[in-house]
Amino acid sequence: MLSFCLSILLLLATPGPTNTLMALAGYQHGWKRAAPLISAELAGYLLIIIPVATLAAPLFEQWPVLALWAKLAAGVWVFFLAIKLWTIQPQAAGARRIDWRSVFVTTCLNPKALIIGLVIMPRGALAALLPWLLMFALLVLSAASAWILGGSLLRREGGSARTHTLIHRIAAIGLLLFATLLAGAGLRAVA
């Protein structure tokens with residue numbers, strides 16, 4: 001269980017698309033209003049991890065192209081998010097906020113979910129996985145809270161409309177780099 005926890009924490013602490021959105025949500029909404037988005041992250045992870053750990057792992061081993069398509073789909077979604085973040089005008093009234101749906105979909109497409117389901121989570125029946133899934137949920141709660149807190153601390157610093165735009169652009173660049181890494185990994189696998 002200790003190596004499971006350390007592996008999950010290391011993975012959840014690594015910057016990626018979901019963590020970028022959680023930090024940005026903390027920045028946009030503050031910790032208290034962004035905290036409910038943790039349920040979107042957890043739901044997205046569990047929607048992928050449970051079927052992968054209980055059913056799909058043998059399919060991915062038999063047909064690796066399925067994992068490749070999952071990575072490519074994740075890369076396209078993250079690229080789409082990066083473009084949206086780059087073009088958003090955060091200082092404008094009605095600017096798009098990070099919401100439950102965007103966190104949920106991004107987490108479902110996050111390759112970390114596949115890594116957890118295929119590599120870290122034990123395989124077996126759902127009943128046998130329940131203690132592991134409970135521990136995973138607690139670790140997601142901790143890591144997501146830390147990312148939201150980091151974003152909300154930036155919010156406290158205040159700033160001009162220019163600062164808000166800069167923070168959104170930095171988040172967009174982070175997502176674009178992540179999308180590029182996903183696409184590169186997928187293309188290398190094809191070549």
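**Exercise 1.** In this predicted model, find which residues of helix 1 are buried, and work out why they lie on the same side of the helix.

*Solution.* Start with the list: F4, C5, I8, L11 and L12 are buried in helix 1. Next, look at how they sit around the axis: they cover an arc of only 135 degrees, which puts them on the same side of helix 1. Now turn to the face away from the buried side, where you will find the exposed residues L2, S3, L6 and L10. Finally, check the length: helix 1 covers residues 2–13, and its 12 residues reach 16 Å from first C-alpha to last, close to the 16 Å expected.

**Exercise 2.** Decide whether S145 is buried or exposed, and name its contacts beyond four places in sequence.

*Solution.* Then compare its relative accessible area of 17% with the cut-off for buried, under 20%. S145 is therefore buried. Last, leaving aside neighbours within four places in sequence, S145 is in contact with W31, I38 and V140.

**Exercise 3.** Describe the largest pocket and what lines it.

*Solution.* Begin with the space: the largest pocket holds about 320 Å³. Of its 16 lining residues, T20, W147, I170, A171 and G174 are closest to the centre. Helix 2 (17–29), helix 8 and helix 9 (161–190) each give two or more residues to this lining, and helix 9 gives the most, with six. Sorted by class, the lining has 11 nonpolar, five polar and no charged residues.

Key
Residues numbered from 1 in each chain as written. Predicted model: local features only at pLDDT ≥ 70, side-chain atom pairs only at ≥ 80, totals over all residues. Heavy atoms only, no water. Helix = DSSP H or I, 4+ residues; strand = E, 2+ residues; numbered from the N terminus. Expected span 1.5 Å × (residues − 1). Buried < 20%, exposed > 50% of the residue type's maximum accessible area, 1.4 Å probe, protein only. Arc of directions from axis to C-beta. Contact = heavy atoms within 4.5 Å. 1 Å grid on protein atoms, 1.4 Å probe; cavity = no way out; pocket = protein on both sides within 12 Å on 5 of 7 lines; lining within 4 Å. Points joined across faces, edges and corners; volume = space filled by probe spheres on them. Nonpolar A, V, L, I, M, F, W, Y, C, P; charged D, E, K, R; others polar.
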